[in-house]
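Here are my notes on the model you sent.

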Amino acid sequence: MGAGAVATSGENSGYAHLIDPNRKWYKNRRLVALNAWILLLLITSSTNGYDGSMMNGLQSIDHWRLYFGDPKGGKLGLFNAIQNIGSLAAYPFAPYVSDGVGRKASIFFGATIIPFGMFIGARFLIGFGLTFAASAAPLLVTELAYPTQRATLTSTYNSLWYSGAIIAAWTTFGSFKIQNTWSWRLPSAIQGLPAVIQVALIWFAPESPRWLVSKGRNEQALKTLAYYHADGNDQDPLVQYEYNEIKAAIDLDRTVAEKVGWKTLVATPGNRRRMRIIIAIAFFSQWSGNGLVSYYLNEVFKTIGITNGTHQLLINAYPPDVELGLGPYSASSLVEKIGRRILFISSTIGMIAFFTMQTICSAMYAKNGNNAAAYAVIAAIFLFFASYDLAYTPLIVTYTVEILPYQIRAKGFYVNPIALKKLGWKYYIVYIAWLTFELVFVYFFVIETKNRTLEETAVIFDGPENVDALAGVATNAVDEKGSDISIHEEKEKV
């Protein structure tokens with residue numbers, strides 16, 4: 001595939017003429033209710049953000065270091081990796097639970113596990129349970145959302161990482177002065193609150209129409225689409241289009257699965273292209289240098305002479321506050337306007353620039369103890385994450401919604417603190433070289449998918465003719481029902 005790998009624009013997507021441009025979601029109580037349920041699903045991501053920021057904060061708390069014997073190097077890596085080891089243990093089972101018993105059941109099961117256990121055991125259980133919840137929640141968000149809001153809401157899923165990080169950072173800062181083990185037990189306990197909320201409410205949320213169709217519960221799927229997307233009108237042209245496109249896509253999936261099975265993943269050029277991008281983006285999201293600061297910020301501080309616990313906790317709190325407003329949410333709103341490719345390329349260029357800045361300034365401090373260079377390292381960290389948040393925070397779910405990159409993350413967590421302790425700022429050079437490779441990859445291989453339905457996005461890798469065929473099935477079904485009336489005429493009828 002050559003440079004500028006762009007799919008057809010999607011501006012004439014099959015459902016576009018069925019959307020009323022004057023219909024505002026915040027003026028429709030059912031869309032407001034739907035987005036409230038989606039918010040319940042989005043908080044799954046905040047648990048992950050909370051964990052990284054909490055672990056950074058705990059490393060500055062004396063009672064935590066005393067209780068666990070001041071973990072360093074490989075031991076510290078194991079403390080951070082244990083949650084992701086739990087995720088790895090759940091990874092083979094989570095997709096089957098989500099597809100077998102439903103998205104809601106998978107979220108409920110995972111959320112039930114998260115709040116239990118003691119510190120190290122709890123971190124394993126959090127990782128185990130979070131995999132079930134995190135494998136189902138973004139799917140349910142994507143499959144429930146109103147078509148014009150799907151990309152933004154799905155992109156917001158990973159962006160809520162920072163809401164959890166902010167709560168954790170300021171909680172550990174507040175508990176820093178507690179002169180007993182509650183200085184670290186309190187922030188650890190708070191991590192389970194999102195799961196408690198989900199356990200209490202998830203069964204009241206709607207189930208995925210796509211999952212319902214896959215289980216033969218077509219009538220319930222149609223009612224769900226109609227209730228939330230068309231005020232209960234199951235003959236609405238948009239609802240009929242979505243419903244018939246879902247049925248056509250699932251029938252196609254079943255046909256392919258019967259003929260090919262698991263080797264479908266690599267059996268066709270389109271699927272090999274999918275797997276190449278999916279694996280690369282998942283790997284890039286964890287190995288772009290972000291893991292160093294997300295879990296080992298204190299070790300980075302030590303390389304530039306910042307050893308005061310209060311100062312460490314304050315700096316730990318500020319980046320999520322700034323990035324929450326400037327990075328992922330802004331990028332989430334741009335997904336459908338400027339597209340995935342531009343965001344990925346811009347994000348990677350920014351990461352290279354600011355990680356290089358961090359490396360140079362760290363080297364300057366190591367050489368002559370220049371305080372200005374140390375402050376510049378902190379600024380570079382802010383700017384690096386602002387660049388990362390342009391694409392990798394919002395789009396890792398949107399662009400590769402079926403990917404759960406925890407299996408990569410566990411290895412990265414264990415290696416980083418050891419290498420950072422041994423090599424100091426020189427370890428950053430490894431990431432600069434890797435980021436350069438990432439830029440080359442995203443430029444040549446990332447395909448644009450904006451302004452597409454979920455089904456169209458899924459088949460776009462097999463060629464535009466497949467997208468047109470799928471859209472044709474849905475459009476023909478709408479026409480057969482006599483629903484090809486303009487939106488304004490339909491409104492007059494109602």
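1. Overall content. The secondary structure of the chain consists of 26 helices and zero strands. Please keep in mind that this is a predicted model. The chain has 494 residues, and 57% of them are buried. Of the contacts with a separation of 6 or more, 83% join residues 24 or more positions apart.

2. The UniProt record, an unreviewed entry, places the feature "transmembrane region" at residues 31-50, 107-140, 160-178, 277-297, 342-365, 372-391 and 427-446. For two of these spans the geometry can be set beside the annotation. Residues 31-50 are 95% helix and 0% strand, with 29 Å between the end C-alpha atoms. Residues 342-365 are 100% helix and 0% strand, and their end C-alpha atoms lie 35 Å apart.

3. Helices α2 and α17. Two packed helices are described by the angle between their axes and the distance between the axes. Helix α2 (residues 44-58) packs on helix α17 (residues 290-303) at an angle of about 10°, with the axes 7 Å apart. Angles under 35 degrees count as roughly parallel, so α2 and α17 are roughly parallel to each other. On the α2 side the contact involves N48, D51, G52, S53, M55 and N56, which meet V293, S294, Y295, Y296, L297 and N298 of α17. By class, these residues divide into five nonpolar, six polar and one charged.

4. Helices α9 and α10. The axes of helix α9 (residues 161-175) and helix α10 (residues 182-190) come within 8 Å and cross at roughly 155°. The two helices are therefore roughly antiparallel to each other, and their crossing is right-handed. T171, T172 and S175 of α9 make the contact with W182, S183, P187 and I190 of α10. The contact of α9 with α10 has three nonpolar, four polar and no charged residues.

5. Helices α1 and α11. Helix α1 (residues 29-42) and helix α11 (residues 193-201) have axes that come within 9 Å and cross at roughly 135°. That angle makes α1 oblique to α11. The crossing of α1 and α11 is left-handed. The residues in contact are W37, L40 and L41 from α1 and I197, Q198 and L201 from α11. Five of the residues in the contact of α1 with α11 are nonpolar, one is polar and none is charged.

6. Covered helices. How many of the ten residues of α8 are buried? In helix α8 (residues 150-159), nine of the ten are, and the helix is mostly covered. The buried residues of α8 are R150, A151, L153, T154, S155, T156, Y157, N158 and S159. Helix α6 (residues 103-113) is also mostly covered, with eight of its eleven residues buried.

7. Q358 in α20. Q358 lies in helix α20 (residues 340-368). Is Q358 buried or exposed? Its relative accessible area is 3%; under 20% counts as buried, so Q358 is buried. Leaving out residues up to four places away in sequence, Q358 touches V300, V377, A380, I381 and Y428. For one of these, A380, the C-alpha atom is separated from that of Q358 by 5.4 Å, although the two residues are 22 residues apart along the chain.

8. I360 in α20. I360 is also placed in helix α20. I360 has a relative accessible area of 47% and is partly exposed, whereas Q358 is buried.

9. Backbone at D231. Which residue other than glycine has a positive phi, near 55°? The residue is D231. D231 is found in the loop between α13 (218-229) and α14 (237-259). D231 is partly exposed, with a relative accessible area of 44%.

Note on methods:
Residues numbered from 1 in each chain as written. Predicted model: local features only at pLDDT ≥ 70, side-chain atom pairs only at ≥ 80, totals over all residues. Heavy atoms only, no water. Axes fitted to C-alpha atoms, helices over the stretch in contact; angles between N-to-C directions. Helix = DSSP H or I, 4+ residues; strand = E, 2+ residues; numbered from the N terminus. Parallel < 35°, antiparallel > 145°, perpendicular 65-115°, else oblique. Left-handed = near helix turned anticlockwise from the far one by under 90°. Contact = heavy atoms within 4.5 Å. Nonpolar A, V, L, I, M, F, W, Y, C, P; charged D, E, K, R; others polar. Buried < 20%, exposed > 50% of the residue type's maximum accessible area, 1.4 Å probe, protein only. UniProt positions renumbered as here; feature names shortened; annotations may be inferred.
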